[in-house]
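Me: Please take me through this structure and show, for each term, how the value meets its definition.

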Amino acid sequence: MTTVLITGASAGLGAAFARGFAAKGCDLILVARDTGRLKAVADELAAAHGTLPEVLPADLLDPEQCRAVAERLADPARPVDILVNNAGFGLPAPFPYSPVEDEERMLDLLVKVPLKLTHAVVPGLRERRRGAVLNVSSVAGLLPTGTYGAAKAWTTAFSESLRVDLAPYGVRVLAVVPGFTRTEFQERAGMDVSALPDSVWLDADAVVARALKDLSLRRPLSITGLRYRLYAQAVRHLPRTFVARKMARDRRPPAQAPEQAQNAARPEAAR
Ligand SMILES: NC(=O)c1ccc[n+]([C@@H]2O[C@H](COP(=O)([O-])OP(=O)(O)OC[C@H]3O[C@@H](n4cnc5c(N)ncnc54)[C@H](OP(=O)(O)O)[C@@H]3O)[C@@H](O)[C@H]2O)c1
């Protein structure tokens with residue numbers, strides 16, 4: 001039996017990963033802050049597939065709670081085969097209009113937490129010569145899109161590098177690179193996405209289905225939708241100066257004054 005630990009499993013893409021892996025008959029460990037919502041996801045999956053997932057509530061920005069998740073990942077008595085680093089949030093205002101503490105919390109959740117959890121799980125995966133790490137990145141990481149995009153660029157680069165290092169051990173690494181996906185992400189970040197056309201939006205279950213297929217094909221990146229695959233190709237091959245000019249033209253002023261910024265970086269925003 002394959003055991004999968006998913007961070008940010010109480011909503012959005014994390015809950016979709018839980019559904020996708022449960023449908024494949026995997027045992028699950030669900031991590032996020034909101035215990036009630038995690039239990040609801042677990043109950044729904046137990047009703048559908050007959051196996052009750054383990055619920056491991058944790059605020060991954062709390063060092064002690066993050067350590068507890070890392071210890072669960074490293075426990076040789078209860079091996080975890082697949083880690084999905086998914087928990088994340090964005091900020092409402094471009095740099096430097098969000099409080100620096102919020103910038104630090106975002107960087108910690110998007111970069112330091114996956115680094116620590118991957119560091120905990122990889123020795124066991126290497127020893128057992130099986131398993132995988134999936135890191136949820138973003139198409140924002142392909143472009144000059146502020147500190148969120150910079151953190152996601154790290155996620156993709158880290159994944160591609162780790163994939164090379166772990167290939168000789170039979171361990172897979174996949175960077176999941178979604179475009180705009182219908183989840184709670186934009187609302188939590190206080191982003192106004194009302195002007196975006198329907199055609200840009202992806203479905204979370206479709207992103208996960210594509211990711212699981214790409215994982216089985218041992219691909220390095222998983223990008224859902226022809227539009228985003230073409231976009232990624234174009235960004236890779238166009239001159240960086242051209243891309244930068246285009247981004248500068250599209251850049252908008254901050255949607256909110258910094259003092260009004262309410263966002264998922266704050267613990268009180270946790271559901
Ligand atoms: N939606 C998009 O358009 C999009 C596009 C590209 C990439 N992504 C990436 O996809 C990933 C998942 O986001 P989503 O779209 O599914 O957003 P979402 O619906 O807002 O879900 C975010 C998840 O992260 C958890 N989380 C947030 N802070 C946490 C913390 N401190 N400790 C533990 N868990 C925490 C939340 O649960 P609790 O509140 O219960 O803790 C929730 O389960 C993120 O890494 C995001 O950057 C999203």
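Me: What makes the crossing of α1 and α2 right-handed or left-handed?

Reply: The crossing of α1 and α2 is right-handed, a term used if the near helix is turned clockwise from the far one by less than a right angle, anticlockwise being left-handed. This is a predicted model, in which local features need pLDDT of at least 70, side-chain atom pairs count only at pLDDT 80 or more, and totals for chains, interfaces and linings use all residues. Residues are numbered from 1 along each chain as its sequence is written.

Me: Why are α1 and α2 called roughly parallel?

Reply: α1 and α2 (residues 35–49) pack at an angle of about 25°, with their axes 11 Å apart; angles under 35 degrees count as roughly parallel, and α1 and α2 are therefore described in that way.

Me: Which residues of α1 and α2 meet?

Reply: A15, A18, R19, A22 and A23 in α1 meet V41, L45, A48 and H49 in α2, where contact requires C-beta atoms, placed from the backbone, within 7 Å.

Me: What makes β3 and β7 edge strands?

Reply: In the open sheet, ordered β3-β2-β1-β4-β5-β6-β7 with parallel pairing, β3 (54–57) and β7 (221–222) each pair on one side only. Two strands pair if DSSP finds at least two bridges between them, and four bridges join β2 (residues 27–32) to β3; the bridge partner of V31 in β3 is L56.

Me: Which residues come nearest to the ligand?

Reply: Of the 31 residues around the ligand, G8, G12, R33, D34 and G88 come nearest, where being near means a C-beta atom, placed from the backbone, within 6 Å.

How values were computed:
Axes fitted to C-alpha atoms, helices over the stretch in contact; angles between N-to-C directions. Helix = DSSP H or I, 4+ residues; strand = E, 2+ residues; numbered from the N terminus. Parallel < 35°, antiparallel > 145°, perpendicular 65-115°, else oblique. Contact = placed C-beta atoms within 7 Å.
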